[in-house]
Amino acid sequence: MSQFSLQCSSCEESSLLPTSSGVTQREKSYEINRRVVYHAIESGSGYEGLATFCGIMNMPCLSKPAYYKQVDNIVEAVEDEAKDDTRKAGERLWQQILEENPEKDLDDTLDAVVSCDGTWAKQGFTSLTGVVFVISVDTGEGESSWCKWKQGEATGTSTYSSDNCLPEVFLEVLKPTLMTLSDSKLLERVATHAKDSKRLAKSDLQVMQKEKRRRQGERLLQTRREEALREAKGVTYEPGCF
């Protein structure tokens with residue numbers, strides 16, 4: 001945040017004009033700082049990227065403690081908003097299930113079908129980041145919904161049309177491929193291939209173990225030969241025996 005000083009040429013009175021408003025009561029933190037930190041988080045550049053950009057633009061940069069304090073404030077606000085949205089979505093789904101099943105009451109356990117997706121870490125690494133998406137199959141809420149009508153409802157558009165189906169020409173081309181992929185014989189070949197892969201992996205492991213035992217035997221034989229050679233020659237050197 002910067003401040004400009006404006007001075008009147010007649011009365012010579014001056015006043016400060018800040019380039020950003022404060023986001024706290026004491027106005028120790030400014031909106032521009034929070035916005036630039038939020039951009040660094042969203043773009044994935046982080047503090048190092050922000051410091052590099054400020055250096056290129058010849059601008060002062062936030063200190064690391066100030067940066068991560070803004071990160072904590074942003075994360076807290078995002079978590080609160082996500083929890084509130086999740087609670088409201090659950091309440092809407094709960095209400096819809098009750099309307100579709102009048103025999104249910106408030107004390108019953110309600111079953112809801114959802115689709116889930118999330119992040120995962122590469123094998124061999126430990127991830128401290130957990131992100132999961134849960135979408136109701138019944139309501140399909142959100143812009144990323146599988147339902148075109150729900151997408152239009154979320155975005156305020158009307159792109160959904162019941163007549164907007166797959167053209168017949170594409171159906172004729174894709175149908176043979178889909179029928180082939182759903183053939184039971186193909187699935188049997190996939191299962192057979194999986195069994196063959198396991199058998200080959202087991203065979204490779206056995207070969208590796210056999211080769212390991214062979215190398216260990218060769219090293220043991222070499223050690224015994226050296227010991228026998230030393231016993232046959234006797235002691236060839238002792239202190240003071242020249």
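Arg215 and Glu211 form a salt bridge, with 3.7 Å between their closest N and O atoms; the term stands for a side-chain nitrogen of Lys or Arg within 4 Å of a carboxyl oxygen of Asp or Glu. The two residues are four apart in helix α6 (residues 184-233), about one helical turn. Helices here are DSSP runs (H or I, at least four residues), numbered from the N terminus.

This is a predicted model, in which local features need pLDDT of at least 70 and side-chain atom pairs count only at pLDDT 80 or more, while totals for chains, interfaces and linings use all residues. Residues are numbered from 1 along each chain as its sequence is written, and side-chain values use heavy atoms, without hydrogens and water.

The structure holds eight salt bridges. One of them joins Glu48 and Lys64. Because Glu48 lies in helix α2 (residues 46-56) and Lys64 in helix α3 (residues 64-100), this pair ties together parts that are 16 residues apart in sequence.

Arg87 and Asp84 also form a salt bridge. Both lie in helix α3, three residues apart, about one turn of the helix. Asp84 and Arg87 belong to a network of salt bridges that includes Lys88 and Glu91 as well.

| Pair | Closest N to O distance |
|---|---|
| Arg87 and Asp84 | 2.6 Å |
| Arg215 and Glu211 | 3.7 Å |

Accessibility is classed by relative accessible area: buried is under 20%, exposed over 50% and partly exposed in between (1.4 Å probe, protein chains only). Glu48 is exposed at 52%, whereas Lys64 is partly exposed at 41%. Arg87 is partly exposed at 43%, and Asp84 is partly exposed at 24%. Arg215 is partly exposed at 39%, as is Glu211 at 30%.
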